[in-house]
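Subject: Structure handover

Hello,

Here is the structure I promised to pass on. Please open it first, then read my notes below.

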Amino acid sequence: HFFAGSFVVPNLPPTMSTKSPSQVPPRNPAPEFTLKAYVEAVLSRRVLLLIFPLAGRLSYIPGWWIWFYVMVWTALAFTVFQLDPSLVAERGRPGPNAKPWDRRLYRLIMWLYAGAIVVSSLDAGRFRWAEIHSLPVVLAGHVMYHVGSGLVTWCMLTNNFFSTLVRIQTDRGHRVVTSGPYRVVRHPGYVGFIILGLSRPLVMRSYLGFVVEAIAAALLVLRTAWEDQTLQAELSGYKEFARTVRYRLVPGLW
């Protein structure tokens with residue numbers, strides 16, 4: 001999403017419910033966990049630098065919560081990449097054969113994610129057009145942030161083809177993964193990113209930001225459908241997987 005950089009856990013939703021064979025070598029070494037690398041990874045989320053200028057005040061507490069959560073989950077991202085260094089290369093610079101339609105959709109979702117942060121900062125931080133005052137709603141946002149981030153991290157640990165673009169990764173030896181969260185739905189990473197995306201404006205106390213994130217979530221559902229069609233048509237074994245795990249995002253619904 002709007003978080004640029006190779007070392008980010010909450011990037012854009014994963015593509016391919018797949019897992020590489022253990023003998024596939026990583027294309028890049030894992031990022032070394034140094035203070036310099038950590039700071040660079042946190043600051044790579046450039047839109048976050050706009051929160052307080054747009055809010056017009058440093059006393060905008062929800063903005064500090066977002067920064068704190070980003071710092072925590074960035075640290076966890078380094079741990080994940082140490083366990084599976086190939087994720088660094090694939091998420092930071094995906095290989096060939098990415099679908100052209102997905103590149104366009106990716107950019108649109110990126111802009112929506114950034115727009116939600118901008119709108120939320122202006123709304124709840126400065127003008128208070130549609131500020132969220134309900135404490136239960138805000139607390140739900142905090143819980144959703146960690147649920148979504150945790151689910152995305154679980155998917156990354158399970159699926160080392162957790163790419164940022166839809167592509168059949170023949171260069172890395174595609175295989176369907178059926179373990180972990182992929183036993184429940186075929187695209188659990190998208191579930192995580194939808195939950196995470198919707199949580200941010202709630203944490204930031206902005207209903208207007210939530211509307212922007214809801215549009216992004218709708219596009220992620222569309223992307224799920226298109227990606228699933230691609231996988232069924234082009235990835236060996238995926239049709240059989242789809243017959244076993246029937247639902248894409250929500251068990252019993254879709």
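Helices (H or I, at least four residues) and strands (E, at least two) are DSSP runs, numbered from the N terminus. On that basis the chain reads α-α-α-α-α-α-α-α-α along the sequence. That is 9 helices and 0 strands.

Some ground rules. This is a predicted model, in which local features need pLDDT of at least 70 and side-chain atom pairs count only at pLDDT 80 or more, while totals for chains, interfaces and linings use all residues. Residues are numbered from 1 along each chain as its sequence is written, and side-chain values use heavy atoms, with hydrogens and water left out.

The chain as a whole

The chain has 254 residues, and 54% of them count as buried. Buried means under 20% relative accessible area, exposed means over 50%, and partly exposed lies in between (1.4 Å probe, protein chains only). Now take contacts, meaning heavy atoms within 4.5 Å. Among those with a separation of 6 or more, 85% come from residues 24 or more positions apart.

One helix pair

Two packed helices are described by the angle between their axes and the distance between the axes. Here, axes are lines fitted to C-alpha atoms, for helices over the stretch in contact, and angles run from 0 to 180 degrees between N-to-C directions. Helix H1 (residues 35-43) and helix H3 (residues 61-83) have axes that come within 10 Å and cross at roughly 130°. That makes H1 oblique to H3. The scale is this: under 35 degrees is roughly parallel, over 145 roughly antiparallel, 65 to 115 roughly perpendicular, and the rest oblique.

Which residues make the contact? H1 supplies Ala37, Tyr38, Ala41, Val42 and Leu43, and H3 supplies Trp67, Met71, Val72, Thr74, Ala75 and Phe78. By class, the contact of H1 with H3 has 10 nonpolar residues, 1 polar and no charged. Ala, Val, Leu, Ile, Met, Phe, Trp, Tyr, Cys and Pro count as nonpolar, Asp, Glu, Lys and Arg as charged, and the others, Gly among them, as polar.

Aromatic rings

The structure holds 9 aromatic pairs. Rings of Phe, Tyr and Trp (its six-membered ring) pair if their centres lie within 6.5 Å; planes under 30 degrees apart are stacked, over 60 edge-to-face, and the rest tilted.

The rings of Trp65 and Phe68 have centres 6.2 Å apart and planes at 75°, so this pair is edge-to-face. Both residues lie in helix H3, 3 residues apart, about one turn of the helix. Trp65 is partly exposed at 38%, and Phe68 is partly exposed at 45%. The rings of Phe127 and Trp129 have centres 4.7 Å apart and planes at 10°, so that pair is stacked. Phe127 is partly exposed at 45%, whereas Trp129 is exposed at 54%. Ring pairs also link Trp65, Phe68, Tyr69 and Tyr145 into a cluster.

Two loop residues

Arg128 sits in the loop between helix H5 (100-127) and helix H6 (135-158). Its phi is near 55°, a positive value in a residue other than glycine. Arg128 is partly exposed, at 46% relative accessible area.

Arg205 lies in the loop between helix H7 (188-203) and helix H8 (207-234). Its phi is near 70°, also positive in a residue other than glycine. Arg205 is partly exposed at 23%.

Best wishes
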